[in-house]
Amino acid sequence: MIKLKNVTKTYKMGEEIIYALKNINLNIKEGEFVSIMGPSGSGKSTMLNIIGCLDKPTEGEVYIDNIKTNDLDDDGLTKIRRDKIGFVFQQFNLIPILTALENVELPLIFKYRNSMSEEERRKRALKCLKMAELEEKFANHKPNQLSGGQQQRVAIARALANNPPIILADEPTGALDSKTGEKIMQLLKKLNEEGKTVVVVTHDINVARFGDRIVYLKDGEIEREEKLGGD
Amino acid sequence: MKIDDTITFAFKNIKQKKTQSLLTIVGIVIGVLAMVSLISLGYGVQNYIHEEMMKMGSNKITILPMKQFGVPPSHLFTKKDVKVVERVKGVDAIMYGWFGSCEIEYNGEKKLVSYFYATPSKLREVYKDSGYDIEKGRWLEDNDKYACVIGYGTAHNLFDREIKVGDVVKIKDKKFRVVGILKEVGNQQDDNSIILNIDIGEKLFGNKDKYNIIVVTVKEGEDIDKVAEDIKEALKKSLGDEDFSVLTAEQLAERISSILGVITIFVVGVAAISLLVGAIGISNTMHMSILERRRDIGILKALGAETTDILAIFVIESGFLGLFGGIIGLVLGIVMAKGVEILAHKMGYLMVNAWISWELIVGILIFSFLVGVISGYFPARSGAKLNPIETLRGE
């Protein structure tokens with residue numbers, strides 16, 4: 001489902017070249033739940049951005065659902081993000097002026113434009129909120145009227161809107177207390193069990209343990225991988 | 001993104017930051033207000049003058065001893081020139097005389113008025129159906145000596161005490177009996193006037209056999225432009241130069257309109273500068289707003305919004321800011337122009353009119369929307385091009 005082949009990412013800082021990622025090879029299968037761990041500055045966010053088509057590698061190849069993304073232009077990358085990937089961020093990143101439901105409708109608007117009726121869009125968005133286990137009575141609340149956990153559920157519902165095969169989560173519990181965080185991780189686990197490929201970036205081992213596999217990053221390189229037991 | 005979704009989104013953004021939006025559009029409001037009221041009044045005055053000119057007589061030709069308005073005449077007309085004009089084929093009635101301004105005294109007060117003298121019978125013949133009607137009293141007769149007809153303004157507005165038929169006014173210490181008062185014409189020059197018999201006028205102002213205006217009417221069925229052309233030729237031959245103007249009512253109206261047009265354009269241009277400042281205000285607000293919403297832009301992009309979607313959101317937002325400003329400015333501008341009109345009419349300036357038309361309203365609204373769109377475009381483009389990770393990371 002996701003394949004990184006010899007991926008290197010460098011930044012220029014004045015004369016100096018900084019390696020954010022060095023020769024990364026990673027293969028994530030369909031339906032897998034992979035956690036990427038590492039201290040800050042280890043390159044884990046860069047990696048997530050590259051998988052999420054928000055950033056391009058300096059060298060190497062990236063395949064998302066068998067599509068080589070290196071050659072795509074901005075609009076091509078936008079379409080991959082829209083159709084293949086659902087993003088969940090640490091700070092939820094909901095649009096503050098829109099209600100929960102409207103936030104979930106956004107990806108549908110970008111994808112279907114005129115071809116989806118408003119009722120259909122609402123129905124789909126409500127279904128996603130249900131999948132993210134947010135009570136329907138919160139659908140018309142603005143983000144600032146919701147708790148952190150509820151906001152993150154809205155964000156997850158939004159990530160599900162276009163029914164993408166992949167969910168990318170960047171520190172999804174980072175802004176939540178541990179109890180709420182655990183519930184959110186359980187939700188992601190459930191979605192994974194329903195067939196989504198999930199990639200979580202975290203520095204919290206308790207979060208990482210929800211995955212089938214943990215990839216440890218250090219100084220832009222894969223230090224080691226750990227397969228977790230269970231299922 | 002659907003266009004109506006984009007509009008909804010833009011509206012929500014505007015509503016979200018009411019104060020900021022309001023302050024932004026104040027600039028546009030002032031600019032549009034100034035432009036609307038000035039255009040409205042400028043064209044109102046032009047239209048009024050044009051109409052009045054046409055009412056004065058489409059069959060009249062005015063001959064003035066100077067090439068252009070505002071240039072002092074190099075020579076004046078004499079009886080000889082009048083004869084030359086009179087002989088031109090197609091000329092019906094002819095009137096010649098002098099107009100200028102002088103002080104008149106009444107009841108111990110002295111006021112400046114415009115005076116005109118001509119042969120009363122000739123004056124009446126030329127202006128018989130031109131709206132110069134007597135309100136009270138009678139017209140001058142050729143054998144009247146120290147008698148005068150005064151304009152509506154002179155009689156009713158100029159002096160503390162109204163002048164009535166039979167009263168006496170003084171010009172250069174000579175007494176004149178008022179025999180008639182004209183009906184209101186609507187402009188100060190014509191209303192604050194006094195009309196004298198030519199013999200007395202020549203003596204009083206010392207311009208014997210000198211005239212600074214000749215007006216003729218054209219016989220029915222004659223081509224007025226052809227007659228005007230013939231008069232020009234005849235006078236050119238007789239005077240030996242071209243330092244005079246032969247104007248039909250239409251040409252006269254056009255000349256005045258074109259002068260007023262230049263003034264209008266100039267004044268509106270000044271108003272446009274304030275609109276430009278308003279546009280810069282919108283541009284600045286959009287710039288700030290995009291900086292504030294960098295993160296939103298990043299999110300939208302991560303969710304699959306294309307660059308054009310982002311551009312559309314911000315451009316439509318700024319377009320609506322412009323349009324709102326335009327609507328408010330338009331309403332205030334019309335109110336202001338109407339107010340000036342009402343005030344001016346009360347003061348006797350009937351020529352000041354507010355010209356309001358659909359073209360003006362629609363034109364101004366489209367214009368203000370475009371001002372918004374254009375001033376929002378460049379900040380929006382820079383916002384739309386932002387790299388999503390940078391905007392998402394910039395916490």
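Predicted model: local features only at pLDDT ≥ 70, side-chain atom pairs only at ≥ 80, totals over all residues.
Colleague: Is the pair of B:Y115 and B:F205 stacked or edge-to-face?
Modeller: The ring centres of B:Y115 and B:F205 are 3.9 Å apart. Planes under 30 degrees apart count as stacked. The planes of B:Y115 and B:F205 are at 5°, so the pair is stacked.

Colleague: How many residues apart in sequence are the parts that B:Y115 and B:F205 tie together?
Modeller: B:Y115 belongs to strand β3 (residues 109-118) of chain B, and B:F205 to helix α7 (residues 198-205) of chain B. Both B:Y115 and B:F205 are buried. The pair therefore ties together parts whose separation in sequence is 90 residues.

Colleague: What is the geometry of the pair formed by B:F320 and B:F369?
Modeller: The centres of B:F320 and B:F369 are 6.0 Å apart. Their planes make an angle of 75°, and planes over 60 degrees apart count as edge-to-face. The aromatic pair of B:F320 and B:F369 is edge-to-face.

Colleague: Which helices of chain B hold B:F320 and B:F369?
Modeller: B:F320 is buried, because its relative accessibility is 14%, while B:F369 is partly exposed at 28%. The pair ties together parts 49 residues apart in sequence, because B:F320 lies in one helix and B:F369 in another. These helices of chain B are α11 (residues 307-346) for B:F320 and α12 for B:F369.

Colleague: Which residues form one aromatic cluster with B:Y115?
Modeller: B:Y115 is stacked with B:F205. The cluster holds B:Y115 together with B:Y117 and B:F205.

Colleague: Why is α7(B) described as largely enclosed by the rest of the structure?
Modeller: The buried residues of α7(B) are B:I198, B:I200, B:G201, B:E202, B:L204 and B:F205. They pack against β2 (91-106), β3, β6 (168-171), β7 (174-182) and β8 (193-197) of chain B. The helix α7(B) is largely enclosed because its buried residues number 6 of the 8.

Colleague: Which residue just after α7(B) takes a positive phi?
Modeller: The phi in question is about 65°. The residue, just after α7(B), is B:G206.

Colleague: What is the area of the nonpolar surface patch that includes B:I374?
Modeller: B:I374 is in helix α12 (residues 358-384) of chain B. B:I374 counts as exposed because its relative accessibility is 53%. The patch is made by B:W358, B:V362, B:I366, B:L370, B:I374, B:Y377 and B:F378, and its area is about 750 Å².

Colleague: Where does the charged end of A:R224 sit?
Modeller: In chain A, the charged end of A:K3 sits over the ring of A:Y63, 5.5 Å from its centre. The charged end of A:R224 is 3.9 Å from the centre of a ring and sits over it; that ring belongs to A:Y216.

Colleague: What is the phi of A:D65?
Modeller: Most residues other than glycine have a negative phi. A:D65 is in the loop between β4 (59-64) and β5 (67-68) of chain A, and is partly exposed with a relative accessible area of 27%. Its phi is positive, near 50°.

Colleague: What is the phi of A:E133?
Modeller: A:E133 is in the loop between α4 (118-131) and α5 (148-160) of chain A. A:E133 counts as partly exposed, at 41% relative accessibility. The phi of A:E133 is positive, near 60°.

How values were computed: Residues numbered from 1 in each chain as written. Chains lettered and ligands numbered in written order. Heavy atoms only, no water. Patch = residues over 30% accessible without salt bridge, like charges linked within 9 Å, V, L, I, M, F, W, Y side chains within 5 Å. Areas by Shrake-Rupley, 256 points an atom, 1.4 Å probe, with all protein chains shown as cover. Salt bridge = Lys/Arg side-chain N within 4 Å of Asp/Glu carboxyl O. Helix = DSSP H or I, 4+ residues; strand = E, 2+ residues; numbered from the N terminus. Buried < 20%, exposed > 50% of the residue type's maximum accessible area, 1.4 Å probe, protein only. Phe/Tyr/Trp six-rings, centres within 6.5 Å; stacked < 30°, edge-to-face > 60°. Lys NZ or Arg CZ within 6 Å of the ring centre and 35° of its normal. Contact = heavy atoms within 4.5 Å.
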